[in-house]
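Let's walk through this one together, a question at a time. Have a look at the picture first.

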Amino acid sequence: MNKIHFQLVTPERTVLEEELDSLSCPTELGQITILPSHVPLVATITPGELIARAGEKEHSIAVSGGFVEIRPNNQVIVLADAAEHYYEIDTKRAEEAVKRAQVAMKEKAMSAEEYARVAASLQQSLSRLNIARKHSHRRTAPLSGEGVFKE
Amino acid sequence: MPGIKELKTRIKSIQGTRKVTRAMQLVSAAKMRKAQDATLKSRTYSTLAWELILNLAGQANASVAEGLEAADDNILNEEDRRHSLMEQVAQLLTTFPDAKKIAILILSTNRGMVGGLNTNLLGEVEKICKDTSLEVDMITCGRKAREWMVRGHKQILADFEKFDRSITPQDIFPIAKLVRDIYNTGQYQKVLIVYNHFVSTLSQEPRVKQLLPFGRSLTDDRDAKSKQPAKDEQLTDYLFEPDPQAVLNHLLPRIIESQIYQTILESEASEQSARMVMMKNATEAAGDLISDLTLTFNKLRQNKITTELAEITAGKIALE
């Protein structure tokens, strides 16, 4: 069976580049799953969880908006504004961000533009937090160099 | 032949200069590594984004025209309908072939000591001005470009401060907004970016990139090649979700931002690399000069001692 050639890039880095069996991503119209030989498509991605499956392996990545482009030759490209693997998410920081945004939305009198920005950032941090929590039971992040050889 | 004292002061002053250039070399070497890293990492994003827009540019218009055909058939001729629709769907896809002006965004450095980087860059701008019969408006970013425009009495549309810290995508928003706004007024035929492309630590080249209307870069060979497949793909129908208008209105500004962001990163990496190399050369040249002068100094000193000795000996012989 043919595979999807998948690339997930942000302005800062390439987050994931792999051959996949399927890919689920949150779009404006809801979660879509892309299988090989999908027709060419361009869609807007909303903040949420992107799941990339390759055989048994599953990558769960938090994205905060962007685009997905499906090219004719089984190439799928996600241009994300920001993206993190679930094990990279700093739960504490995300929680703080959620609180900050909630407080700001309640207390301050804001212009419509400001409100939209805070609401968007709240949505982003909430989705990051959900993804981190969902995977917290298997938080077996790949070993980083530090602390591996230390007791 | 300079005297011993003059030589001594010269050596001292060159040593001082060498200290300064070495310090600058080390500073820019550190900055260079960071800037190069950022540039190379974000290149994938901007290349892919650019490919996407090339694939879409032609196709978007066609699919939109089709959509309208179904809606109402009795509007004027094809040409007019397509034009109005394109504007409706995405202003930024509109072209203004009859406009009288072009705008150039110039990304220069703030400080000198970067060899020919700015000179080459501004030479490129000069060439564009000479080749075109249209009126040219400048948007500058960086002190050197601004100063040059003021000296040359060019028309500056806007001047953006170039930050000495590393930039974030958010810093681009005002520039991108200005570019979009001036293009949407319909007075500009095209908007170009002139920047230094980072090739390697030792070489940077000034490049001209056409930002709007979306087209291939003027001097970029790689883009020229990728244009061919892009043409074929215009025939493949892209689906849009939720609809072309929503996607394009979201996508196009983002692509402009990413292109400006990338070119600024490229300029930054070029600047730091050029400065590092220049300062390294200067430090080495100072070292050469010092050893040369020290040799002359020692020779002179030895000469003096020999003469003095000869005089003393001669005096002694005379006394005997």
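Helices (H or I, at least four residues) and strands (E, at least two) are DSSP runs, numbered from the N terminus. This is a predicted model, where local features need pLDDT of at least 70, side-chain atom pairs count only at pLDDT 80 or more, and totals for chains, interfaces and linings use all residues. Residues are numbered from 1 along each chain as its sequence is written, and chains are lettered from A and ligands numbered from 1 in the order in which they are written.

Q: How many helices and strands does the secondary structure of chain B come to?
A: Going from the N terminus, chain B runs α-α-β-α-β-α-β-α-β-β-α-β-α. Its tally is seven helices and six strands.

Q: Is α5(B) parallel, perpendicular or oblique to α7(B)?
A: The axes (lines fitted to C-alpha atoms, for helices over the stretch in contact, with angles from 0 to 180 degrees between N-to-C directions) of α5 (residues 173-184) and α7 (residues 244-319) of chain B come within 9 Å and cross at roughly 125°. Angles under 35 degrees count as roughly parallel, over 145 as roughly antiparallel, 65 to 115 as roughly perpendicular and the rest as oblique. So α5(B) is, relative to α7(B), oblique.

Q: In β6(B), which residue is the bridge partner of A:A43?
A: β5(A) and β6 (residues 239-241) of chain B run parallel, joined by three bridges; strands pair if DSSP finds at least two bridges between them. Within β6(B), A:A43 has as its bridge partner B:E241.
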